[in-house]
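The sequence and the structure come first.

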Number of protein chains: 2
Amino acid sequence: MKNVTLKDVAKAAGVSYATVSRALSGSHQIGSDTRERIIKLCDEMGYTTNYVARSMVTKKTGLIGLVVPSIDNQFMSELAYYAEMSARGHGYNIMLCNSGPDLKQEKTVVKLLLSRQVDGILIVPQSPRTYENIRAYTDQVPTVFLSENLRDQPQSYVAVDNSRGTYIGARYLYELGHRDILYFGRRHTTTHQLRAEGYIRACQELNLHPRFFNSEFSRSSINTGYQLAQELFSRPIDYTAIFASTDSNALGVLKAADNAGIDIPGRLSLIGFDNISSTALPRIDLTTIEQPKREMAVQAVDMLRDKIENGTQGYVHQILMPVLIKRGTCRDLLSN
Amino acid sequence: MKNVTLKDVAKAAGVSYATVSRALSGSHQIGSDTRERIIKLCDEMGYTTNYVARSMVTKKTGLIGLVVPSIDNQFMSELAYYAEMSARGHGYNIMLCNSGPDLKQEKTVVKLLLSRQVDGILIVPQSPRTYENIRAYTDQVPTVFLSENLRDQPQSYVAVDNSRGTYIGARYLYELGHRDILYFGRRHTTTHQLRAEGYIRACQELNLHPRFFNSEFSRSSINTGYQLAQELFSRPIDYTAIFASTDSNALGVLKAADNAGIDIPGRLSLIGFDNISSTALPRIDLTTIEQPKREMAVQAVDMLRDKIENGTQGYVHQILMPVLIKRGTCRDLLSN
DNA sequence: AAAAAAATCGGAAACGTTTGCGATTTTCTA
DNA sequence: TAGAAAATCGCAAACGTTTCCGATTTTTTT
């Protein structure tokens, strides 16, 4: 039951516990014969170094706080997977926190993480107000924001080129012969603002008329996207394609369309954004714009490590390239 | 930059730092006037208690290690969500580790968690061999297994009544008029053994002939389930319903059926197990057996807390009730 | 072969808490 | 009001490491 400590193996080896510490740490200040003897003794006795004691003196915990609105979201759980794998590969462990729906909980967990003495924080914001919500803490610990653009804020983040994503998608629809494309989704965050802008830019270049169907539903989930889409389909359909601002919204559109008897992609083409894993499911097969989740996560922990280990100040905005995932929800109007 | 410590506020308050500690901890050994003065001073100075220092003396980290095969799996990310919420509500934080596909990594992360001095470990096994794989460590720290049955092993776990789940599902199909039900899936773990048994039991009671389509594909994912289903549909279909051992397999069956032009539920009824969130998606709408993920997670952390805080020895097998989720993939053969 | 340099190891402080014990002060009891 | 009990607080040890510094021994240099 009792954990074996440095002192125990020092006593058994007949050396000081400073020597044992040096043997394990690969220090040069020790004879190679005694090192081997001690290392052998260590695993005979089942010694493992106590990280909290080490943290006490090194002032480093090797802990990264990962705060996400909720881990049971596909997009975030994928990010979390890659972040954990990458972090652990570099000697860090992940402390996971759900920041829930409200800003208060988000602030609470960040404060908690600070108390836990994490070396850095990786956060995917729950709201556009997250930045100011936790600003008081972001200068106390290295922090990088994930997946959400902060535009001109003096904070490091890694995100996809959202504007380019919708731009690519819109051009793809154009190539398929679509001339009336409806943009479905809000512009409540910088990220979504950028997505809308990319769509507008493509429209301008292609001489199309940008059209929007927005709403003030607060949290984008399948249900609310669905309800919004129901409202949409109660009106006449004078467009041939819908660009949904997120896969989640696209799924809502899909459900509403099925209910209303609107054939997708027969009557209406549909494209999403994010490429969450369920878009690849049978019968869904949603054409979408992929956020390179693996790359995002890896870059984010690299960025964080740089801040932690090299004390890099300043901030960097890392923008990754989106990629078009062609699947089955977009109809080619020309090759008929 | 420099964190404010107990000593700092003690000096500022003109008391010993023992007094400050007692003021924060709500001890009775302190005057209410000085307590208030100190508490006020603490948040003026921005003091937060250093958990690693506290852990050093209390021998408790307030950390729970959560090890899952991979967090980007819907089932596990849902479990993780509820586990984290529940744990944090009781003053614990979650250290997340992916145990990956191989046993070596699983053992590595468990060892790592021990080094980190976690108070307990919550683990969803990656393989039936997990139990023996980490047995050397499970007596060094409170451990509870999640979602996987261990049958007769002397270890605590919480799992759904898998046998009852398939039993309920098979009876449901029978009520709809199905008499030829094919069971689709392996029996490579105790959990899956139990699921098969429940199916068999129902067949016996209902005077049905149990039929299996098994395979030795090693990891159940959509793709391998899909490949297996393709093989299945290359043979004559002399059954009216398929009971897939997991939703993941059911999704594979669905995809293969669509490709082969087999109408579900028109020609073939389909039922899954787990009720992962994408089963509720439009166009999927899979009838399935739900594992109560929230309850499982909550019970698991409660069980773990009991071991940690009360030093409860022994082991308990907590079995939760599955519930039938009726959706759109099962056809009623009688009401025609 | 003597002096200098390098290698090897031990002593001890430090990290920031919690807590048992003793000392002092205050309040209560008779 | 004097003695006892209770309340309040400080001292110091302890948790298990890492690392600076100095002491001792070994190797190298001239």
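In this predicted model, the contact between chain A and chain B draws 39 residues from chain B and 39 residues from chain A. On the side of chain B that touches chain A, two or more residues each come from helix 4 (51-58), helix 5 (74-89), strand 2 (93-98), helix 6 (103-115) and helix 12 (247-260) of chain B. Helix 5 of chain B gives the most to this side, with 7 residues. By class, the side of chain B that touches chain A holds 18 nonpolar, 13 polar and 8 charged residues.

Strand pairing also links the two chains: strand 2 (residues 93-98) of chain A and strand 2 of chain B run antiparallel and are joined by 3 bridges. Here A:Leu96 has B:Ile94 in strand 2 of chain B as its bridge partner. Within chain B, strand 10 (residues 287-290) pairs with strand 9 (residues 269-274) in parallel and with strand 12 (residues 323-325) in antiparallel fashion. The table sets out these pairings.

| Strands | Direction | Bridges |
|---|---|---|
| Strand 2 of chain A and strand 2 of chain B | antiparallel | 3 bridges |
| Strand 9 and strand 10 of chain B | parallel | 4 bridges |
| Strand 10 and strand 12 of chain B | antiparallel | 3 bridges |

For strand 10 of chain B, B:Ile289 is the bridge partner of B:Phe273, while B:Glu290 has B:Val323 in strand 12 of chain B as its bridge partner.

In chain A, the axes of helix 5 (residues 74-89) and helix 13 (residues 293-310) come within 8 Å and cross at roughly 45°. Helix 5 of chain A is therefore oblique to helix 13 of chain A. Their crossing is right-handed. Helix 5 of chain A contributes A:Glu78, A:Leu79, A:Tyr82, A:Ala83, A:Ser86 and A:Ala87 to the contact, and among the residues from helix 13 of chain A are A:Lys293, A:Arg294 and A:Met296. The contact of these two helices comprises 9 nonpolar, 1 polar and 3 charged residues.

DNA strand D has 27 residues around it, of which A:Leu6, A:Ala18, A:Ser21, B:Ala18 and B:Thr19 come nearest. Both chains supply the surface near DNA strand D: helix 1 (6-13), helix 2 (17-25) and helix 4 (51-58) of chain A, and helix 2 (17-25), helix 3 (32-45) and helix 4 of chain B, each give at least two residues. Helix 2 of chain A provides the largest share, 6 residues. The surface near DNA strand D divides into 12 nonpolar, 12 polar and 3 charged residues.

Notes. Residues numbered from 1 in each chain as written. Chains lettered and ligands numbered in written order. Predicted model: local features only at pLDDT ≥ 70, side-chain atom pairs only at ≥ 80, totals over all residues. Pairing = 2+ DSSP bridges. Contact = placed C-beta atoms within 7 Å. Nonpolar A, V, L, I, M, F, W, Y, C, P; charged D, E, K, R; others polar. Axes fitted to C-alpha atoms, helices over the stretch in contact; angles between N-to-C directions. Parallel < 35°, antiparallel > 145°, perpendicular 65-115°, else oblique. Left-handed = near helix turned anticlockwise from the far one by under 90°. Near = placed C-beta within 6 Å.
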